[in-house]
Amino acid sequence: MSFHDAWEYLDHRPRFPATPHAIALANMGERSSALSEFSVSTQIDRNDSSISPNPSITSRQVQGVYDDVPLRYGPVRNIRLLKVAPETVSGLIYCDISTISIHGHQAYTAVSYVWGDDSEDRTILVGGRPFVVRLNLWHFLAQVHRTRQDTFFWIDTICIQQANTRTKSPGRNDGRHLQISS
Amino acid sequence: MMGDIYRSAHRVVVWLGTENVPFRRRGLLDTIRCATLDPNTNSNDNQLALRECMQQLARNTYWTRAWVLQEFVLGAQIELKLGCGSLQEDIFRQFWSCTNCVRIEPANDLAGEDATRMR
């Protein structure tokens, strides 16, 4: 995928994917993500908390954030959305996180960005709990905060429980695959 | 799942990162907007500006992401953001058609390495 590929597709973009390549990619994404999310839910049901096979401060914090806003699985598909508060808390960017039905009427903005390497992290607060994000995403949130955007955002690394999809997705253990599938 | 999320989104923001040294002083996305909306789109100066913008944009690490395509194909209205600049999809489409005779491969030898490292 290059810059030109991306924009050529955009240039001829129908409402839904038209090329076999695009459809294959889209289906692959939906299947693998659905599988990962399902794995996450079963893990939580069986083991309550403290189940991370590789415990670290980050994964415990992440677990706490998602305990507060669980996704219910059923006919109605829910997603988590976040909003950047106009104020900071203890100098940290503060995000409210909530769940909505994807088929509801709540307008939201999906964010597409490069994760970047993990050499530089920043801490933010999500639902009052510390949450570690990589620098590139932090810059985005800081920009949203500066411009006081009152918008619901969907951001993969925060709205999907990444730490556990990593450990529970068979054959998708390395970071690169995880990122592509999400 | 991901397809649904992008398809149902009201808007997709493409975050291209920060811009420490603003391109041509005013920033890349602003420059693109001005060059695209300039009534003298075909003047030499403007063609040069458009070409430089295209090269600069193509250099961005964002395009090395493997998953860009799905978000573009499925996404709702797209907005590019770079630093404090932003560009709506309709202006970008105009920019794209102004420059569609220009084909620049990302002239970055590190592109492959970045793709592995960054995503």
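**Entry 1: the α2/α3 crossing in chain B.** I started with how two helices meet, and found that α2(B) passes α3(B) in a left-handed crossing. I kept in mind that this is a predicted model. Two packed helices are described by the angle between their axes and the distance between the axes, so I looked up both. The angle between α2(B), residues 28-37, and α3(B) is about 145 degrees, and the axes lie 10 Å apart.

**Entry 2: who touches whom.** Which residues of α2(B) meet α3(B)? I noted Leu28(B), Thr31(B), Ile32(B) and Ala35(B) on the α2(B) side. Facing them from α3(B) are Asn46(B), Ala49(B), Leu50(B), Cys53(B), Gln56(B) and Leu57(B). Sorting the residues of this contact, I got seven nonpolar, three polar and no charged.

**Entry 3: the core.** Next I went to the largest nonpolar core, which has 56 residues. A friendly reminder to myself: in soluble globular proteins, nonpolar side chains tend to be buried together.

**Entry 4: chain B as a whole.** I then stepped back to chain B, where I found six helices and three strands. Along the sequence they run α-β-α-α-α-β-β-α-α. How much of chain B is buried? Of its 119 residues, 38% are. Last, I checked contacts in chain B between residues at least 6 apart in sequence, and 78% of them join residues at least 24 apart.

Methods:
Residues are numbered from 1 along each chain as its sequence is written. Chains are lettered from A and ligands numbered from 1 in the order in which they are written. This is a predicted model: local features need pLDDT of at least 70, side-chain atom pairs count only at pLDDT 80 or more; totals for chains, interfaces and linings use all residues. A nonpolar core is a set of buried Ala, Val, Leu, Ile, Met, Phe, Trp, Tyr and Cys residues joined through C-beta atoms within 7 Å. A residue is buried if 20 or more other C-beta atoms lie within 10 Å of its own, exposed if 12 or fewer, and partly exposed in between; C-beta atoms are placed from the backbone. Helices (H or I, at least four residues) and strands (E, at least two) are DSSP runs, numbered from the N terminus. Two residues are in contact if their C-beta atoms, placed from the backbone, lie within 7 Å. Axes are lines fitted to C-alpha atoms, for helices over the stretch in contact, and angles run from 0 to 180 degrees between N-to-C directions. A crossing is left-handed if the near helix is turned anticlockwise from the far one by less than a right angle, and right-handed if clockwise. Ala, Val, Leu, Ile, Met, Phe, Trp, Tyr, Cys and Pro count as nonpolar, Asp, Glu, Lys and Arg as charged, and the others, Gly among them, as polar.
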